Amino acid sequence: MFDKIFNTMLIKTLTKTLIINFTATLLLLSPMSFAESATELGHTSQSFGGLTNNLTTKEKKQQISQTNSTIKPRNLAYKGMSRTDVNTARQQQINSVSILSTKSNVESNSAFYHSFAIYSGYSQLIEDIDEDGYYQTFSVSFDADILSPIMNEQAVVYADLYLSENGGPWVLYFSTDDFVITGDETADEFEVVTQLDSGYIPNHYDVLIDLYEVGYNDVVATFSSDDSNELYALPLESSDYDLEYIEVEYYSEHGGGSAVLFCLIILSLFYRRVFVKQ
């Protein structure tokens, strides 16, 4: 009798676990399908992120190519989605992880949440091949700080970066890896370099940055074109609109042909006058 009750309880537990795992998997995979749909619409780009440095334009271009070959699925999971959908998807992801654990990291570390602010944000226009004033490559740098009375307190964070075309909806174009920030230091300033590959028509684009603390399901700080003109109305276009202009020079040969024809006529008249009369 005891074995029968135990087996029944075991089956129920396993069934419940399978349902929870399946639900969590759907929650984690559904954002990817959104991202793939956005890519199919033709909006593609490549980005890499790291602490701000003094790389040259050529070095940044090389870094984009190298990073793109080893890009992590997490950086692409929500790419192409609206800001509202990204926030909802991230909350679902955290909640699904919480369900699967008896005591989630979020609950156990709730006392260690910090207050944050993004102190500054600015952009740099990097490459415009056809020199029409619209750039296919640009960077966004920002300095995130911890608001705390504790000296040199640290936290692990990541950021979502969005573009808005001419005042339109915010669309995610890159999610960074996790990185560490320390108090209000400026040495942890983070830079994201991006090359727009296709689908971005020549226009003015605004930038927005959402900062997350790892293990927490809500935005902890935001910085955008509303906070700085450095992120407002960037003149951008993708590389399929930024084609190198090659000037082709055309030389007319009509003048030379006429001269040759004129010489032949003169020679013909001379021949008739001199040799035919003989």
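Colleague: Which residue stands opposite Phe 190 in E7?
Modeller: Phe 142 does. Bear in mind that this is a predicted model.

Colleague: And how do E3 and E7 pair?
Modeller: In the antiparallel sense, over six bridges. E3 covers residues 137–147.

Colleague: What about E1 and E7?
Modeller: Strand E1, residues 44–51, also pairs with E7 in the antiparallel sense, over eight bridges. Phe 190 turns up again there, as the bridge partner of Leu 51.

Colleague: Is E7 mostly covered or mostly open, then?
Modeller: Mostly covered: nine of its nine residues, 190–198, are buried.

Colleague: Switching to E5. How many of its residues are buried?
Modeller: Four of the five in the 171–175 stretch. E5 pairs with E4, residues 154–165, in the antiparallel sense over four bridges. Within that pairing, Asp 160 has Ser 175 as its bridge partner.

Colleague: What sits between E4 and E5?
Modeller: Five residues, and the two strands form a hairpin. Asn 166 in the turn has a positive phi of about 50 degrees.

Colleague: Now the core. Which residues touch the most other members of the largest nonpolar one?
Modeller: Leu 163, Tyr 173, Ile 209 and Leu 211, out of 29 residues.

Colleague: What does Tyr 173 touch?
Modeller: Leaving out residues up to four places away in sequence, its contacts include Phe 138, Val 140, Leu 161, Leu 163, Thr 194 and Val 207. Lys 79 is among them too.

Colleague: What else is there in the way of cores?
Modeller: A second, separate core of eight residues, including Ala 77, Tyr 78, Met 81 and Leu 172.

Technical notes. Residues numbered from 1 in each chain as written. Predicted model: local features only at pLDDT ≥ 70, side-chain atom pairs only at ≥ 80, totals over all residues. Heavy atoms only, no water. Buried < 20%, exposed > 50% of the residue type's maximum accessible area, 1.4 Å probe, protein only. Pairing = 2+ DSSP bridges. Core = buried A, V, L, I, M, F, W, Y, C linked by side-chain atoms within 4.5 Å. Contact = heavy atoms within 4.5 Å.
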